[in-house]
Structures are given as structure tokens and as C-alpha cells.
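Biologist: I'd like to learn how to read helix packing in a model like this one. Can we go through it together?

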Amino acid sequence: MMMFGLFLLSFGFLLDRGTCTAMQSELRITTIKQEPYVMSKGAQLEGFCMDLLSEVAKKVGFKYKVQLVKDGAYGRQEESGNWNGMVGEVVRGEADLAIAPLTLTAAREKAVGMTKPFMQTGISILLRKDISEEAGFFDFLSPFSAQTWVGILIAYLGTAACIFIVARLSPSEWSQPQSEKNTFDLLHSLWYTAGALTLQGAGPHPKALSGRVICSSWWLFSVILLACYFSNLSSTKTPESSHLMVKGFEDLANQDVIEYGCLAGSSTLAFFKNSNNPVYRRIYEHMERTKSFVSSMDEGIRRAKEGNYAFIGESVSLDLAVARYCELVRAHEVIGMRGYSIAAALGSPIIKNLSVAILQLSEAGELAYLRSKWWASSCIADMGKVSAVQPHNLKGIFLVLSLGLGLGTLVAVLELTFKSRRRAAEHKKTCCSVLTEELSLRLRTSSGNRSQENVDKDKEKA
């Protein structure tokens, strides 16, 4: 029994030592060139996957030698049952690991061992920015938000009301309410304010200081407002901010103007082929009927840049194309979320260690750092997209206008008060009684004048 126990202990020690030796031996890594995962830099390879491989090798503890896949394919099962591409090399033992943007699928999971995903992705659409829909009837309102337009309307009505009131209160503007007609009635005040807003002018202009203060404030408000409006209008009409006609896969399936396709033999194609969704089935049938597949990511991006072609692919790869080529844009809809994983032979003991290393890198923020490093955008213009002006962006000119309206109204009241004091001294009355009479006369003269005019017309008819 003692001899048998020693034999088992020695066998376990040798097995563990053999496993460690295998882990430390040089592993054969197969990969495929695709920016920014794997790229050539002289005689060396660089990219996201190369940095990831370096970090994982440090944590797991192995040396490696990288080789490019011979047939230039990711890996799909042929009709004969054999696998091609990187998956095929791992299955046949020609490589120990496959590290690339290799999508984790059920079919591949049956053929090889797959680690925890090191990156999440989905399927989306890549198009040119100038493939846009027709302009809407109310696109001219887009420079300002709805709240800003409401604020402008309130400011317009408030200014017209202040001009109307000040023109009635100020003695310099309306000296004889009994016999003289007030030029600034309500309709003319609205017309005058609208004319100033469009920089056209609509005379006559106010004569009193109070009216001129209000008009000056409104003119300043109008000039700044129009400058902001035309600046934003020209910016929102540039191709960079056009609205896509194809916003999702349903839009793509319901049109026949733009051709579309995906990478031949890819997991993206398999997703549409195996889907029971009627929209996705129509997309697959259209691609099969028109044979609009591309042989590589570069070809798909090139055709999208040429226009009138929508390339369907992995969202992270499309994001890279958008970062590199400013004329391209990715649709917002993303479907079929899945992950990229490292592939190894079925039952390989290294899979567990690789998955733990990937999770550690994710928790430490290393994967996010590598993503930002290799997906940095070179499109400076796209970072300056103009959004609708909000009310708080124009709070300064609204404040100036409010102060001008308040100051003009105060000056008009002071003008009327000074006149009432002079009349009170002449007629030996109290200032308050004279001021009350003036206010009553000026605020009621409009209806009184209309009644008197109607009486005169009736007399003329008689």
C-alpha cells in the first residue's frame, strides 16, 4: 500500500510538472491581418490582438510564435465537414491558439475551445454620410430647440406689449390723448417689433426716450439672435450632420436603391441565414440573390466609401472605419450581440487560464485602454457637430432685453409722473389725483375714440 501511494504521488508530480512545462513552452499562434487587431509594422506585427496576446502571455506564463493563417479565412465549416481558416488550423493541430476578432458561435464552440470574450460586438450597417433623406418641411427650425423658440415668441410678444404701453404712458410720445391719435396702437407695435426682428424696419420710430430704450434693447437682441440662428443653420446643413435614410435593418430591407452585403462566409452571414426574423430573412435572401458579398473588410469599406452601398459587419470593426474615414457613418441599430474570443484545441487545459487572464485584464481596465488606444478617431470635424441652441445658451441676451424693457417702462412712468406733478401745481391738485386721471385717460382713450368715431359716422349717414 505504501509503495502504491508513493507511485501515485510520483505520477501526480510528474504530470503537474509536465503541464507546467507545456504551459511554458513556445505556443504556435495563428492570426489574420485586420486593422487594428493585427497589422504589419516592418517585419513585426502590431495591433490590439498583439497587445492582448502579450498581456495574456505574461499572466499565464508562456512563450509564443505568431504566424498568419495560410488561407486568409477566419474559420467556417465546409460541406465536407472540415473547417478552414484559423479554426481549421487549431482543429488539425497546426496551431495551438487562434487570436483574432474571432466571433464566439455555437458551431465553433463544438469544434474548438473558446475563452471568455475579450470584446463585445454586434452587427450594424456602414454607409456614406451623404446618403441622406430629403429635407423636412420644418428643418429651418432645427438651429434652435423648441424651448428656445417659445422663449423667442414670449420675448417678441412682451416687447410689443411694452412698446404699446410705453407709447401710451409717455407724454413725449403722446402729448394730447384727447385730440391726438396714438401712432403705436397694438397692431402697429406688433408690426414694428416684427420688422425690427427681421432687420427690415417699420416706421414711424418712437420719439420718447423710454420707447427708444426698449427699441434699442430689442434691436440688440435681434442682431445677436439672428447671428446665432444663421450660424447654426449653416452648420446643421453640412453633410456631416445629415440624417441617414437607412437608420436600421428594417429600413435597409424596405428599400431597393442602396445595394448592401456582408463578408462572405462570415458569422454575420450565418446570423442572417439562420435567423427566423422575417426582416433578417429578406436581407439574407436579397444578398444571396444579388451576390453582393465582399471577400474582405477592406473591400466592404471601399465599396461603402464609393457610395450607394451599405456594408453589414461587426459593429466594432465598423466603428474603426468611421474613426478612420470621416465620410462614413455607422447606423445606430446594433443586433446579434456576441463576443470575440481566443480559440484553442478542445479540452486544452490552457483555456481556463486564458479566460481568467482576460477577466483580470477587463477588471483592471486594460482592455478598455487597448480599445481607446487602437480605436482613436482621426476625424476632428466630426467632434464638433452642432446641436440645437438651448435657452440657457442665450440667457445673456434675454437678460439684456428684460433689463431694457424694465428700464424703458420705468422711464415712461417717470415721464408721466413729472408731467402730472407740473399739472398738479398748475391746477392746485394733488399729484396722485392728476396721475390717476392721466392713466385713466390714456388707457381708456382707445375705446373712447372708437365710440366717438362710430357716433360721428352714424351722424354722417343720417
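Biologist: At what angle do helix H5 and helix H6 pack, and how far apart are their axes?

Modeller: First, the ground rules: this is a predicted model, where local features need pLDDT of at least 70, side-chain atom pairs count only at pLDDT 80 or more, and totals for chains, interfaces and linings use all residues. Residues are numbered from 1 along each chain as its sequence is written, and side-chain values use heavy atoms, with hydrogens and water left out. Helices are DSSP runs (H or I, at least four residues), numbered from the N terminus. Axes are lines fitted to C-alpha atoms, for helices over the stretch in contact, and angles run from 0 to 180 degrees between N-to-C directions. Here H5 (residues 146-169) and H6 (residues 186-197) pack at about 130 degrees, with axes 8 Å apart.

Biologist: What do you call the orientation of H5 and H6?

Modeller: Under 35 degrees is roughly parallel, over 145 roughly antiparallel, 65 to 115 roughly perpendicular, and the rest oblique. H5 and H6 are therefore oblique to each other.

Biologist: Which residues of H5 and H6 meet?

Modeller: Contact means heavy atoms within 4.5 Å. On the H5 side you'll find Tyr156, Leu157, Thr159, Ala160, Ile163 and Phe164, facing Leu186, Ser189, Leu190, Tyr192, Thr193 and Ala194 of H6.

Biologist: Is Thr193 buried or exposed?

Modeller: Buried means under 20% relative accessible area, exposed over 50%, partly exposed in between (1.4 Å probe, protein chains only). Thr193 sits in H6 and is buried, with a relative accessible area of 0%. Skipping neighbours within four places in sequence, Thr193 touches Tyr156, Thr159, Ala160, Ile163 and Trp218.

Biologist: Now H2: how far apart are its end C-alpha atoms?

Modeller: The expected span of a helix is 1.5 Å times one less than its number of residues. For the 13 residues of H2 (residues 48-60) that should be 18 Å, and the end C-alpha atoms are 18 Å apart, which agrees. After H2 comes Gly61, with a positive phi near 90 degrees.

Biologist: Which residues in H2 are buried?

Modeller: Phe48, Cys49, Met50, Leu52, Leu53, Val56, Ala57 and Val60.

Biologist: And at what angle do H2 and H13 pack?

Modeller: About 115 degrees for H2 and H13 (residues 350-363), with their axes 9 Å apart. That makes H2 roughly perpendicular to H13. Leu52, Glu55, Val56, Lys59 and Val60 in H2 meet H13 residues including Ile350, Leu354 and Leu361.

Note on methods: Helices (H or I, at least four residues) and strands (E, at least two) are DSSP runs, numbered from the N terminus.
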